[in-house]
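Subject: Handing over a structure

Dear colleague,

I am passing on the structure below, and after it you will find an account of what turned up when I went through it. Please read the text with the sequence and the 3D view side by side.

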Amino acid sequence: MQKKLDKFIIIFLILQPFLDVATSIGIRNNWSVSIGLLIRGFFFCFTIFYLFFKKQERKVVYSLMIYIAIELLYFYSLTNSSLLSEAFNLIKIFYLPILFLFFNRYDNQKINEKLIFSIYMMYMNLIIIPYIFNLGFNITYENKEGYLGFFYGGNELSAIFIGLLPIVLKYVLSKKKLFLKLFFFLEIVIVMVLVGTKTLFLGIGLVFTLFILKSLKKNVQSFSKKRKSLIILSIGLFLLTSSLLIPKTPVYKNFKVTLNYYQIHSMKDFVSIDTIDKVIFSTRLSFFKNVHSYYKERELKEKLFGIGITKINQIKDIEIDVLDIFYSIGIIGFLIWLLFMILSIRKSKLKGIYQLSLFLFLFISLFSGHILNKPMVSTFISLLPLLNKNKKEE
């Protein structure tokens, strides 16, 4: 039975990129049902049943079921809410803490860095290969451009590539094959250029910088003068090459378009709340202001149990996950979600690169959105406890 369970979960994980492609096709063709959400919803129910039969987690599952039942009854009483949309929203919100708790309890040595590397390569090649054959989807907004291959959400893709990069990079660097290292670095640069989001560009740059600094700090004392000089020369050449190539990338062009679009021509123009909102937060602070204005005028029950995702979508979702969660399920729901998150993270005892990955995912969610409440990304965040348990000595 355990072997079948292990096989089922590994197949589920390997299918993630293809579920995202199916979801993308469904959204673009206005399918009424999302294949990805259905399969992940089934997996969510499976994890709840699994945890229910673990005595240590039974009370947690009971509490969650009672809360979800009360919340659905509340939304059923509202005339301006779609019960199906609210039910799916609750699954999306609690998907991460429940799966996080599940992978804390579940053991499978085959879910390791090698598997994550393979899935990561699938995501990259489902962008690169369609581009070679002139397939896939371009994104254009406010005169900015990007390319997503067969996928739909740039935010979600960027989060996966950045959040999992420390784990994948550690795996690649541990291998002696030079071809594997060069091939991986070439692909990650191509993906970064094609997708063209500033989040992906800055995030990948940050992770690479952290790895380089850590390596130098660990080994610099053992380097000869000749090797130190070579490292300094290499860094200088890298910075020079980057300064020449970056202006030719879509990221740079998109950033220039943003500055011109909002008429920002100097640092004086940049230093204002309005400009920070537009350039860094992509007007998410304005969306937050609109939703909050609606929320503060509601009755007490709506403040406690939420105004619902149906209403938030009518106004425009904020795309800062903790805020979308708070306003959609209210004070009570948000406190329960936060308690689940804290409980799950504390039990995981993440260390090293797994702790770094979690930090990156959480940090990105403050600027990018669709990270903590989207199963596409949450699936991989929830794997961190199991990967942490299966880690090899660094």
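Before the details, one definition is needed for the naming of elements: helices are DSSP runs of H or I with at least four residues, strands are runs of E with at least two, and they are numbered from the N terminus. In that numbering H370, to which I return below, is found in the loop between α19 (352-365) and α20 (375-382). Please keep in mind throughout that this is a predicted model.

Taken as a whole, the protein chain holds 21 helices and two strands. It has 394 residues, of which 46% count as buried. Looking at contacts between residues at least 6 apart in sequence, 74% of them join residues at least 24 apart. The largest nonpolar core contains 100 residues, and I111, F184 and I381 are those with the most contacts inside it. For F184, once neighbours within four places in sequence are left aside, the residues in contact are F117, Y120, M121, M124, L165, V168, L169 and V172.

Helix packing comes next. Two packed helices are described by the angle between their axes and the distance between the axes. Helix α1 (residues 2-14) and helix α2 (residues 16-28) have axes that come within 4 Å and cross at roughly 50 degrees, which makes α1 oblique to α2. On the α1 side the meeting residues are F12, L13 and I14, and on the α2 side they are Q16, P17 and F18.

The C-alpha atom of K3 is separated by 9.5 Å from that of N108, although the two residues are 105 residues apart along the chain.

A second pair is α4 and helix α5 (residues 83-105), which pack at an angle of about 170 degrees with their axes 10 Å apart, and the two are therefore roughly antiparallel to each other. The α4 side of the contact includes Q56, E57, V60, L64, Y67 and I68, and the α5 side includes L83, E86, A87, L90 and F94. The residues of the contact of α4 with α5 divide into 13 nonpolar, one polar and four charged. I68, which lies in helix α4 (residues 55-77), counts as buried because its relative accessibility is 15%, under the 20% that sets the limit. From C-alpha to C-alpha, I68 and F94 are 9.8 Å apart in space, and they are 26 residues apart in sequence.

Most residues other than glycine have a negative phi. E319, however, has a positive phi of about 70 degrees although it is not a glycine. This residue, E319, lies in the loop between α17 (309-315) and α18 (321-348), and its relative accessibility of 15% is why E319 counts as buried. H370 is not a glycine either, and it has a positive phi of about 60 degrees; with a relative accessible area of 17%, H370 is likewise buried.

Which backbone oxygen does the side chain of T379 reach? T379 lies in helix α20 and counts as buried, at 0% relative accessibility, and its side chain reaches the backbone oxygen of P375 at 2.7 Å. Not counting residues up to four places away in sequence, T379 touches F12, L13, Q16, R40, Y95 and L99; of these, F12 and L13 in α1 and Q16 in α2 also take part in the contact between those helices.

The other is N388, found in helix α21 (residues 384-389), which counts as buried at 8% relative accessibility. A polar atom of the side chain of N388 lies 3.2 Å from the backbone oxygen of K349. With neighbours within four places in sequence left aside, N388 is in contact with S348, K349, L350, K351 and Y354.

With best wishes

Key:
Residues numbered from 1 in each chain as written. Predicted model: local features only at pLDDT ≥ 70, side-chain atom pairs only at ≥ 80, totals over all residues. Heavy atoms only, no water. Buried < 20%, exposed > 50% of the residue type's maximum accessible area, 1.4 Å probe, protein only. Axes fitted to C-alpha atoms, helices over the stretch in contact; angles between N-to-C directions. Parallel < 35°, antiparallel > 145°, perpendicular 65-115°, else oblique. Contact = heavy atoms within 4.5 Å. Polar contact = N/O pair within 3.5 Å; in protein donor to acceptor, adjacent residues only side chain to side chain. Core = buried A, V, L, I, M, F, W, Y, C linked by side-chain atoms within 4.5 Å. Nonpolar A, V, L, I, M, F, W, Y, C, P; charged D, E, K, R; others polar.
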